[in-house]
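This report describes a structure for a reader who is new to the subject. Please keep the sequence and the model in view while reading.

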Amino acid sequence: MSSASNTLISVLYHCPCNGATQSPGGLDTGVRVNSEGEEAVVPNASSNSELEAQLKLPLQPNSELLVLRASAIENLYYCDDCSELRCSRCVIEEPAGYHCPNCLFDVPTASVRSEKNCCARNCFQCPVCTHMLSVVETDTETRPFSFACSVCYWDSREIGWEFEKATGISPQIEAIKASDQQAKEYTSLLEYWRTVYRISATSAPTSTLGGHSVGGALKSRFGLSSGLAGNSASTAVIPPYQAAGYMDTDHTRVSQRMNIENVDTVPPLSADLTSIEPQRIRLHMKLARRCRSCHHILIKPESKAQATRFKIQLMAANFLPTITLPNRLSPKTPVLLPEMPLRVGKTVPLVLRFANPLYSEMRVTVAACAPEQDSHVEVVAQQFVLAPFTELWEYDEDEDEDSDGSSSGERSAGRQRGIVDRQGNRVAIQLNLTPKAVIDNLTVPLFVTCTHQDDMDMDTDAPASAPAGGDSSRRTVTNKFWVYISLGPTVQ
Amino acid sequence: METPYSTYIKAEFIETDTGNKVSRRSLISGSQNIVLGGKTIVHPKCTIRGDLRRAGPTHQASVLIGRFCSLGPYSVLRPPHKSYKGVFSYYPLKIGDHVDIGENSIIEAASIGSYVVIGKNCIIGRFAIIKDCCLIEDGAVVAPNTVVPPFSVVAAGPPAKIVSHLPESIQEVFEARSKDNYAKF
């Protein structure tokens, strides 16, 4: 059953980076995200309200920037060296392998350069609909194979491409294109200038233009200004260029094109599709991502094109609590999602579920922003503890649901006020939400602080700020971030 | 925003010992050629054509489906067929684990990898190969013989093109989603 989840309801995590311009840690607005290990002091209720008063929203909920800066937790990464959230804008991407999206063939990096980022095998794009072309057998006796598109039924015979063998198309195409004078001339020109550059670079490295002697005929043909050929410090004698076959003798047309001042009109795309050739399919990259500030690798994919595993995968969902809005806690309990659309002035209980992905206990503090004109949120349970994640919880789920379903309405003495449900590593808390204005998309900002003990005994070079008490092998990690919960429109 | 619980009438679904829940109102032909991995849900009015199989040694599965899959209502799963050198034959349709097929979609692919989500009203052409961790959006028409590389989002059509890429964590997201789906069914 496909999920018919309401796309208006979402929980977005805000990354406090400044995008490509500045690495995180240098914040100018909002709350400073502290990355060093803090003392695990649990603030009591009174100081939490002070904290609430001091909180400053990094972004207004209705701001358009929210789309850029905040995203769902699946798209976010986490650097465990810096102990900070990272979004896709504050990571450095680098290629980790190239492959063709059609044949899924891994292309070695050297071939990428020489084949101009295209697949060298039989992968071509249809010029009409850009679908992949496949080699089909045709009825003609000589040259029985050709390219055909299965979507628009374009056939390469329309441009005269017919092949004798089904495999090894590339050399056959080369043979067909060999008669193209202009293309051959272009490649030979390129080769000439490459050799010239290579020789001049090795022989005269200090001169700015790499002085080389330019053939007199060449110079006059292309109307080169004397500035380029001014350096007459020619060390190696390079023979002037000889045209391989194509010579454009129309000097006026060439000099016109070289001296174009303004381009006012653009010629329309020719509708003559019979002359368009299929292009090769461009290669796709596999990306490896690094933290911008400490260059720690966050994502490292496996080099094989088909593998979907990762050697290193540091996702935010594995370190930070996942916040969701549960529909109901068990089949027997009532629906928890408030009635949509929300009504102004009516206080509804909003239930949020926090799930702890770590193997150690996590203390979470939730603070709502100061009341503003859109809505008023009262956080009933301001701090709570999340139990660690154990794989065993997945097998015990059926038993837990039966036992917790009955007591969701009652609060026993041992339970904390505001906690609706506790199942394994997940806790559902209740917030009271009162919309105050009619707006298109009500967004509730919440400031979440989570603290946990990280026992890593391999860290001999621990950060300078030693944790208060405890062994030196454990460090306390605190993460603070803003969460924006969008709930859809409000009506009167 | 979490998946809601959905209930079904007990008598309407057959539950096998491996945990598959097959609707009695689904149209399954050739059930001896269909292999369902455990904990797969087949919704009502879903058509699975196991009878279209290659002529040959009789014991040959024509539709192989993995675990925690969900085949939406009114969807059609057909093995692809080809006429090669004058011989007409059907090829097996292989579907991986954790695949969610939306309602009213027609699947004639050669193989679908694991952790794939296919939207509603999609048409997957013959011999398409969909690799792991892909998302096919609603209404996409995937042309025959296309290869959809991993982590791609394919939309629109025909022919459906790759519009964006999925984040690396999408495998866990889809896995959790399909397990959640099954648990709440």
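Which residues does Ser105(B) touch, not counting residues up to four places away in sequence?

## A serine in a loop of chain B

Ser105(B) touches Tyr74(B), Ser75(B), Val76(B), Ile118(B), Gly119(B), Lys120(B), Asn121(B) and Cys122(B), residues up to four places away in sequence being left out; contact means heavy atoms within 4.5 Å. Ser105(B) lies in the loop between β13 and β14 (106–107) of chain B. Helices (H or I, at least four residues) and strands (E, at least two) are DSSP runs, numbered from the N terminus. Ser105(B) counts as buried because its relative accessibility is 0%; buried means under 20% relative accessible area, exposed over 50%, and partly exposed in between (1.4 Å probe, protein chains only). Its side chain reaches the backbone nitrogen of Cys122(B) at 3.1 Å.

## Basis of the model

The model is predicted, and local features need pLDDT of at least 70, side-chain atom pairs count only at pLDDT 80 or more, while totals for chains, interfaces and linings use all residues. Residues are numbered from 1 along each chain as its sequence is written, chains are lettered from A and ligands numbered from 1 in the order in which they are written, and side-chain values use heavy atoms, with hydrogens and water left out.

## The nonpolar cores

A nonpolar core is a set of buried Ala, Val, Leu, Ile, Met, Phe, Trp, Tyr and Cys residues joined through side-chain atoms within 4.5 Å. The largest such core holds 65 residues, of which Phe354(A), Phe384(A) and Ile429(A) touch the most other members. Among the residues that Phe384(A) touches are Phe354(A), Met362(A), Val427(A) and Ile429(A). A second, separate core has 30 residues, including Val42(B), Val63(B), Ile101(B) and Val148(B).

## Strands and sheets of chain B

In chain B, 9 strands form an open sheet of mixed pairing, in the order β1-β2-β5-β8-β13-β16-β19-β22-β23. Two strands pair if DSSP finds at least two bridges between them. Strands β1 (13–15) and β23 (161–165) of chain B stand at the edges with a single partner strand each, so one side of each has no neighbour in the sheet. Within chain B, β19 (residues 135–136) and β22 (residues 152–155) pair in the parallel sense over 2 bridges, and Leu135(B) stands opposite Val153(B).

An antiparallel pair is found in β10 (residues 81–84) and β11 (residues 87–90) of chain B, joined by 4 bridges. Here Ser83(B) stands opposite Phe88(B). The two strands form a hairpin with 2 residues between them, and Lys85(B) in the turn has a positive phi of about 55°.

## Where the chains meet

In the interface, 37 residues of chain B are in contact with 41 residues of chain A. The two chains bury about 3100 Å² between them, 57% of it on carbon and sulfur atoms; buried area is the accessible area (1.4 Å probe) that two parts lose on being put together, summed over both. Across this interface there is 1 salt bridge, a salt bridge being a side-chain nitrogen of Lys or Arg within 4 Å of a carboxyl oxygen of Asp or Glu. Arg289(A) forms a salt bridge with Glu168(B), with the closest N and O atoms 3.1 Å apart. On the side of chain B that touches chain A, the largest share, 6 residues, comes from α1(B).

Pro149(B) sits in the loop between β21 (147–148) and β22 of chain B and counts as buried because its relative accessibility is 2%. Pro149(B) touches residues of both chains, among them Pro101(A), His284(A) and Ile162(B).

## Salt bridges within chain B

Side chains of opposite charge can pair when their charged atoms come close. Over all chains, the structure holds 12 salt bridges. One of them joins Glu108(B) and Arg78(B) (3.3 Å, N to O). The two residues lie in separate loops, 30 residues apart. Glu108(B) is buried, at 14% relative accessibility, whereas Arg78(B) is partly exposed, at 22%.

Another salt bridge joins Lys179(B) and Glu175(B) (3.5 Å, N to O). Both residues lie in helix α1 of chain B, 4 residues apart, about one turn of the helix. Lys179(B) is partly exposed, at 30% relative accessibility, and Glu175(B) is partly exposed, at 22%.

Notes: Polar contact = N/O pair within 3.5 Å; in protein donor to acceptor, adjacent residues only side chain to side chain.
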